[in-house]
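The exercises below are meant to be worked with the sequence and the coordinates side by side.

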Amino acid sequence: MSILTPTAGPQAIYRINPVAKLATAFLLGFALILTIDWLSAATALVLESVLLVWAGLSVRQFLLRTIPVWIAAPTAGLTTLLYGQPLGQTYVEFGLIHVTDGSISLAIATALRVLAIGLPAIVLFVTIDPTDLADGLAQVWHLPSRFVLGALAGLRLVGLFLDDWRSLELARRARGVGDRGRIRRLLSQAFALLVLSIRRGSKLATAMEARGFGGDTPRTWARESLFGWREIALIAIGAAIAAIAIAVAVVFGTWNFIVG
Amino acid sequence: MSSAGSSCGGPTRALTFAYDERARSVRTSPSSTESATTAVGSSRPDRFRWRVVDIVVASVIGVASGLVFWLWGQAYNPLSAPLEAALPGLQALLGGGWLFAGVLGGLVIRKPGAALFTELVAAVVSAIVGTQWAALTLVSGLVQGLGAEIVFALFLYANWRAYVAVLAGMGAGLALAINDLVLWYAGAKVEFAIIYTVCSLISGALLAGLLSWLAARGLARTGALSRFASGREVSARV
Amino acid sequence: MTLAPQPPAAVSARGWGWRHASRKAWAVDGLDLEIDPGERVLLLGASGAGKSTLMHALAGVIGGDDEGEQKGELLVSGQRATSARGIAGLVLQDPDSQVILARVGDDVAFGCENLGVPRDEIWRRVAQSLDEVGLDLPLDHPTSALSGGQKQRLALAGVLAMRPGLILLDEPTANLDPEGVAEVRDAVARVAESTGATLVVIEHRVEVWRDIVDRVVVLAPGGGVLADGDPRRVLRDRGAELSASGVWIPEFPPRFTQRRVASSGGRLLDAAGLGIARVRGSRIADGLDIGLDEGRAVAIVGPNGAGKSTLALTLAGLLRPDAGAVSATPALAGPLKSVSPISWRSKDLLTRIGTVFQDPEHQFLSSTVRDELSVGPRALELGDVEVDARVDELLERLRLDHLALANPFTLSGGEKRRLSVATVLATRPKLLVLDEPTFGQDSRTWSELVSLLAGLLDQGQSIVAVTHDADFVAALADDEVRLA
């Protein structure tokens with residue numbers, strides 16, 4: 001369950017409404033996705049690192065949680081290096097591989113871009129508490145509360161999934177099928193887990209209905225989801241980083257719109 | 001006790017009053033001395049209205065799928081490299097691993113929006129756990145969910161046979177291809193785009209469409225879906 | 001101070017019946033029952049008598065038109081039960097499936113939120129309810145860290161916070177250990193006293209609730225009321241009949257076949273200086289010395305969290321010992337080179353040590369009962385003839401033959417338990433490890449299981465069982481290993 005529990009701490013970032021964090025991550029993501037060029041990505045990364053330091057995650061936590069991004073960035077870069085659109089002087093040509101000036105610069109840009117989009121998103125997400133997120137989505141963004149809370153309840157069942165998975169694993173060894181056929185076993189285990197989880201979900205739905213959920217009475221909220229200056233400030237900072245990155249790219253002529 | 005003006009009995013008294021109102025309007029129906037069967041609840045149920053159990057089970061499928069998505073995403077990097085080396089664009093054959101949530105959700109819940117909701121929940125979960133595609137995982141989830149949803153809608157949410165599932169998988173596959181080519185592979189060649197799209201369609205049809213249909217049928221057989229139409233149609237009254 | 005401004009509710013059923021959409025038979029048919037406000041009723045009956053159906057209907061959660069049909073009338077406080085959500089509160093059997101939110105305070109507040117109670121009133125009620133059920137925990141305590149008894153009390157607190165006029169409890173202590181059972185029973189007694197709400201309890205353990213309720217109603221399968229009245233009178237008149245249908249009544253203990261052979265055979269498994277852990281490094285218990293012989297039964301007992309299941313799984317060769325060793329004698333290991341079960345292949349484990357898990361569903365692999373029983377023998381690569389012979393024998397012996405083609409997940413609780421034991425017996429292991437075999441069972445399934453195990457012990461089987469059940473230990477165990 002460790003990877004699914006949000007980190008907790010006294011820093012300001014934990015108290016900011018998850019909805020604002022979501023919006024900031026989206027904003028940065030959208031802005032940076034519009035272009036593939038090294039300058040906008042690098043600028044954004046530099047500015048974001050200030051934000052990341054302020055977030056206050058320990059170095060170990062940070063690296064652990066952002067591993068997927070650190071793996072993906074060079075991988076994506078390599079893909080673009082080998083198979084990107086050809087432009088300029090050719091260095092290597094072999095079958096479908098075509099390394100050129102253009103693909104080299106695109107590769108660097110792609111790698112930086114993955115980092116620039118991925119790192120802040122993960123840091124922001126990792127500090128989100130699911131219950132607070134549900135409150136925010138329903139109270140601030142006015143998404144239908146039945147769906148938001150139903151999904152939250154389903155999410156909470158995840159912790160139980162992992163205990164079940166371990167038992168299923170041991171049971172298969174005890175039943176004599178634990179030696180080989182790993183993939184088939186995994187599929188059968190995954191299916192058994194799904195059956196157990198749906199059963200549990202149905203019972204949970206009954207329990208929620210028994211507490212009055214899903215009826216017509218207008219709902220009140222025990223926890224208030226606030227959206228104040230802190231939240232606006234975070235979104236503004238995100239918007240500023242995005243704007244500066246784009247502006248720098250446009251000014252220095254490296255802007256490279258993805259479509260066309 | 002409370003200085004805010006609402007006494008202990010305030011809200012609940014208002015509630016019982018509301019219940020009384022409803023009961024009064026319901027009493028006009030025939031009394032129980034005739035042993036005719038009466039409908040449960042005071043209104044005819046809408047075939048497309050989501051019950052609480054629909055929402056929770058769709059979320060459970062979504063969450064479970066989201067974990068699988070996350071695992072699949074981790075496996076993607078080492079698996080896609082050799083595929084891509086063989087033929088650029090071939091790595092899209094792995095794409096189906098992110099598409100089955102929507103199709104499965106649609107087949108089990110059988111209500112409008114089920115495919116979209118389930119795929120979206122799965123995307124949210126995999127994003128929270130941590131993927132390199134970050135917030136844009138949510139966009140993928142939305143687009144891919146729509147791909148399956150549109151197919152189910154075209155069949156008026158009434159046809160849930162195997163070929164519809166396969167088509168829904170292909171719809172999601174097409175959506176995935178468009179999403180990825182625009183957002184992530186914007187600098188790629190035309191041949192790449194074509195191969196990528198074709199492989200997405202194949203992967204969607206098999207991994208998302210056929211596999212989901214088989215899984216839904218297997219689930220129904222275990223009796224786990226007895227509260228759903230998808231579970232009850234497996235057997236007649238027993 | 002009374003907690004309920006909502007008056008205690010009266011229940012009235014007149015010719016009420018319900019049929020599930022996928023069944024031909026009516027779950028409840030022609031029920032006539034009146035319960036006065038403030039009464040405390042214990043609802044008994046054989047499985048299939050429709051008790052749970054009635055409870056769900058009273059709580060308004062039985063499902064809509066697409067899920068079944070209703071006849072007759074069921075009223076709570078004069079209103080149709082189906083449209084009166086919020087008057088009745090329901091506590092269900094499975095502790096894990098009732099926890100809705102991740103923090104204790106939020107979970108209790110959930111019901112109030114749904115009823116539209118203003119915010120400060122919600123938190124006041126949360127504090128009061130937690131106090132009533134005796135859960136002295138901070139409001140942000142994670143709900144995943146609660147024991148079974150605590151989770152059930154949390155559910156009760158959540159129900160209480162809604163100030164219901166009718167409190168419904170559907171087998172609330174069935175999945176709990178004795179400590180949890182006592183906790184929940186005391187909490188319910190306190191709540192019934194202070195709120196004065198009407199109480200209806202379903203349970204198959206009568207002694208737990210006997211002193212709290214003032215009326216017992218026995219439902220007949222598929223029909224109406226079999227008996228109704230003062231607890232002492234009903235239990236005396238109908239006790240034998242109820243006990244035979246699965247209710248636990250202390251004056252009518254379940255009958256089972258006793259063990260005949262008292263002697264024991266050779267040593268099969270030795271554990272010396274054993275230290276156990278679920279995760280490498282976090283040792284749960286230490287310095288255990290256990291010997292398992294043919295024809296003898298060893299019970300592993302102790303409080304929750306002491307590591308009983310971990311010990312059983314370590315002895316069974318499924319978990320690695322953290323310290324010390326588990327060694328099999330030549331009588332058990334046979335031609336295998338290694339003496340520690342953890343290093344055996346799972347096929348080798350099949351004929352030597354069989355493990356029955358606490359939740360039978362974790363073991364199910366196939367889509368029919370017959371295939372399920374064949375898994376073990378097929379893994380041993382016995383011929384088709386031999387496999388079929390063994391499967392047929394087991395189907396008959398454990399009375400599962402009419403279910404041969406059913407999906408294992410659709411079986412009843414007792415049938416699932418019998419099936420999980422049968423699958424283990426199919427490969428004829430010398431040592432049987434059972435994790436809480438009698439958990440949540442009614443008295444009929446209990447006596448079936450105990451009789452079966454007694455028969456196996458007579459034939460020289462060796463048994464290790466993790467259990468809370470003192471009756472089980474008294475009936476079968478030769479030795480006890482107590483974990484602190």
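**Exercise 1. Overall build of chain C**

How many helices and strands are there in chain C?

Solution. The model is predicted, so that local features need pLDDT of at least 70 and side-chain atom pairs count only at pLDDT 80 or more, while totals for chains, interfaces and linings use all residues. Residues are numbered from 1 along each chain as its sequence is written, with chains lettered from A and ligands numbered from 1 in the order in which they are written.

Begin with the DSSP runs, where helices are H or I of at least four residues and strands are E of at least two, numbered from the N terminus: chain C has 15 helices and 18 strands. Next take the radius of gyration over C-alpha atoms and compare it with the globule rule, 2.2 Å times the number of residues to the power 0.38. The value for chain C is 25 Å, close to the 23 Å that the rule gives for 484 residues, so chain C is as compact as a globular protein of that length. Along the principal axes, the C-alpha trace of chain C spans about 75 × 50 × 40 Å.

**Exercise 2. Domains of chain C**

State which domains chain C has, and describe where they touch.

Solution. Counting two residues as in contact if their C-beta atoms, placed from the backbone, lie within 7 Å, 9 residues of domain 1 of chain C meet 6 residues of domain 2 of chain C. For the classes, Ala, Val, Leu, Ile, Met, Phe, Trp, Tyr, Cys and Pro count as nonpolar, Asp, Glu, Lys and Arg as charged, and the others, Gly among them, as polar; on this basis the domain 1 side holds 2 nonpolar, 5 polar and 2 charged residues.

**Exercise 3. The side of chain C that touches chain A**

Determine which element of chain C supplies the largest share of the side that touches chain A.

Solution. First count the contacts: 51 residues of chain C meet 39 residues of chain A. Then list the elements of chain C that each supply at least two residues, namely strand 6 (88-91), helix 2 (104-115), helix 3 (119-132), helix 10 (346-350) and helix 11 (369-379). The largest share, 8 residues, comes from helix 2 of chain C. By class, this side of chain C divides into 27 nonpolar, 14 polar and 10 charged residues.

**Exercise 4. Strand 9 of chain C and its partners**

Find which strands of chain C pair with strand 9 of chain C, and in which sense.

Solution. Strands pair if DSSP finds at least two bridges between them. Strand 3 (residues 40-45) of chain C runs parallel to strand 9 of chain C, with 5 bridges joining them, and Val41(C) stands opposite Arg215(C). Strand 10 (residues 225-229) of chain C is antiparallel to strand 9 of chain C over 4 bridges, with Val217(C) opposite Asp228(C). In the hairpin of strands 9 and 10 of chain C, 5 residues lie between the strands, and Gly222(C) takes a positive phi near 65°. Finally, calling a residue buried if 20 or more other C-beta atoms, placed from the backbone, lie within 10 Å of its own, exposed if 12 or fewer, and partly exposed in between, one finds that 4 of the 5 residues of strand 9 (residues 215-219) of chain C are buried.

Definitions and conventions:
Domains from an automatic or database assignment.
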